[in-house]
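I opened my notebook for a slow walk through this fold. Here is what I looked up, in the order I went.

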Amino acid sequence: MAMYPGGGAAPASSVPGNDEDDDFHWDDAAEAELQAIEAAYAKRRRLPDWASPSPSSRPRYSQSPVSGGSTPSWVLTPPSFQGNVRARHQPVSFRGKIVYCRTHSEVEKAARDILGRIESSKAPGPVSLGFDLEWKPFPRRGEPPCKVAVMQLCMEKTLCYVLHIAHSGVPDILKSLLEDNSSIKVGICIDNDARKMLNDYDVCVQPLMDLSILANIKLAGPPKRWSLASLTQMITCKELPKPSNIRMGNWEADVLTKQQLQYAATDAYISWYLYEALQVLPDYNAEAEIESVKVA
């Protein structure tokens with residue numbers, strides 16, 4: 001079992017916030033444009049007050065809405081910048097510790113660890129578990145579709161598990177974790193991933209929450225089919241990188257590269273984060289909003 005700091009950085013809890021802002025310069029024109037964008041969002045997307053602070057009071061880091069301080073502080077409120085804008089969206093990347101498991105015993109240990117963390121959390125309901133899968137996209141001609149090669153699981157900002165099940169298989173304790181009601185597995189189009197696991201490994205992943213469905217319940221505007229990248233940008237004002245050379249790469253390799261590990265961990269982490277951010281919002285009520293506009 002190998003542990004890698006995400007992208008070679010220290011865990012998120014120990015990364016100073018000021019370094020990230022040095023690459024930005026924010027001038028008056030950009031501030032005016034941001035205010036216009038926020039005003040437009042106020043009409044189209046109903047986000048909580050902490051998502052749109054006033055320019056004069058916009059903090060460098062916002063207070064997380066999720067209990068226990070479990071979510072990162074860099075999202076939902078842009079920092080205050082000076083000078084010229086050099087980038088509209090910073091890329092989001094998992095900064096915690098990546099536990100990479102590729103043998104049967106390592107995956108067993110990881111599953112026991114996750115189950116122990118769920119039990120010790122003493123949560124009143126199911127614990128959210130960011131869930132994602134990777135597999136080799138193109139089988140050889142005449143061969144069946146490739147089986148799931150990599151599974152990513154994340155339930156906090158500082159730790160993510162990347163399980164190379166193409167080599168380890170699915171131990172019984174991992175199967176129990178995936179089928180247990182003590183955790184809700186969250187992701188985009190997660191029904192498809194669950195179906196893939198059932199077909200490939202006879203594992204019935206449950207219960208599930210599709211983030212696209214949850215976003216349409218919580219956010220104003222007509223329902224849409226959210227991708228993980230578009231929902232990340234909407235909620236965090238950050239860009240989720242999806243480089244094709246990694247996304248479409250060989251996930252059945254003997255050992256994953258650091259770039260593959262970072263990509264895989266970030267997807268599971270942002271799935272977990274988006275669920276935590278969305279589930280605390282009240283359900284959107286279009287009729288109530290129309291009535292409030294009439295009264296105003």
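**Entry 1: an aromatic pair.** I started at tryptophan 251, which is buried, with a relative accessible area of 0%. A reminder to myself before going on: this is a predicted model. Which ring does tryptophan 251 pair with? I found tyrosine 263, and the two ring centres are 6.0 Å apart. The planes stand at 40°, so I noted the pair as tilted; stacked would need under 30 degrees and edge-to-face over 60. Tyrosine 263 is buried too, at a relative accessible area of 7%.

Where do the two partners sit? Tryptophan 251 is in the loop between α9 (244–247) and α10, while tyrosine 263 belongs to helix α10 itself. The pair therefore ties together parts that are 12 residues apart in sequence.

**Entry 2: other rings.** How many aromatic pairs does the structure hold? I count 3. I also wrote down a cluster, in which ring pairs link Phe94, Tyr269 and Trp272.

**Entry 3: methionine 155.** Methionine 155 is found in the loop between β5 (150–154) and β6 (159–163). Is methionine 155 buried or exposed? Its relative accessible area is 14%, and with the cut-off for buried at under 20%, methionine 155 is therefore buried.

**Entry 4: α7 against α10.** Back to helix α10, this time for its packing. Helix α7 (residues 211–218) and helix α10 (residues 258–279) pack at an angle of about 25°, and their axes are 10 Å apart. Angles under 35 degrees count as roughly parallel, so I logged α7 and α10 as roughly parallel to each other. Their crossing is left-handed. Which residues make the contact? From α7 they are Leu211, Leu214, Ala215 and Lys218, and from α10 they are Ser271, Leu274, Tyr275, Leu278 and Gln279. Sorted by class, I get 6 nonpolar, 2 polar and 1 charged residues in this contact.

**Entry 5: the whole chain.** Last, I zoomed out. The chain has 11 helices and 9 strands, and buried residues make up 43% of its 296 residues. Of the contacts with a separation of 6 or more, 74% are between residues 24 or more positions apart.

Key. Residues numbered from 1 in each chain as written. Predicted model: local features only at pLDDT ≥ 70, side-chain atom pairs only at ≥ 80, totals over all residues. Heavy atoms only, no water. Axes fitted to C-alpha atoms, helices over the stretch in contact; angles between N-to-C directions. Helix = DSSP H or I, 4+ residues; strand = E, 2+ residues; numbered from the N terminus. Parallel < 35°, antiparallel > 145°, perpendicular 65-115°, else oblique. Left-handed = near helix turned anticlockwise from the far one by under 90°. Contact = heavy atoms within 4.5 Å. Nonpolar A, V, L, I, M, F, W, Y, C, P; charged D, E, K, R; others polar. Buried < 20%, exposed > 50% of the residue type's maximum accessible area, 1.4 Å probe, protein only. Phe/Tyr/Trp six-rings, centres within 6.5 Å; stacked < 30°, edge-to-face > 60°.
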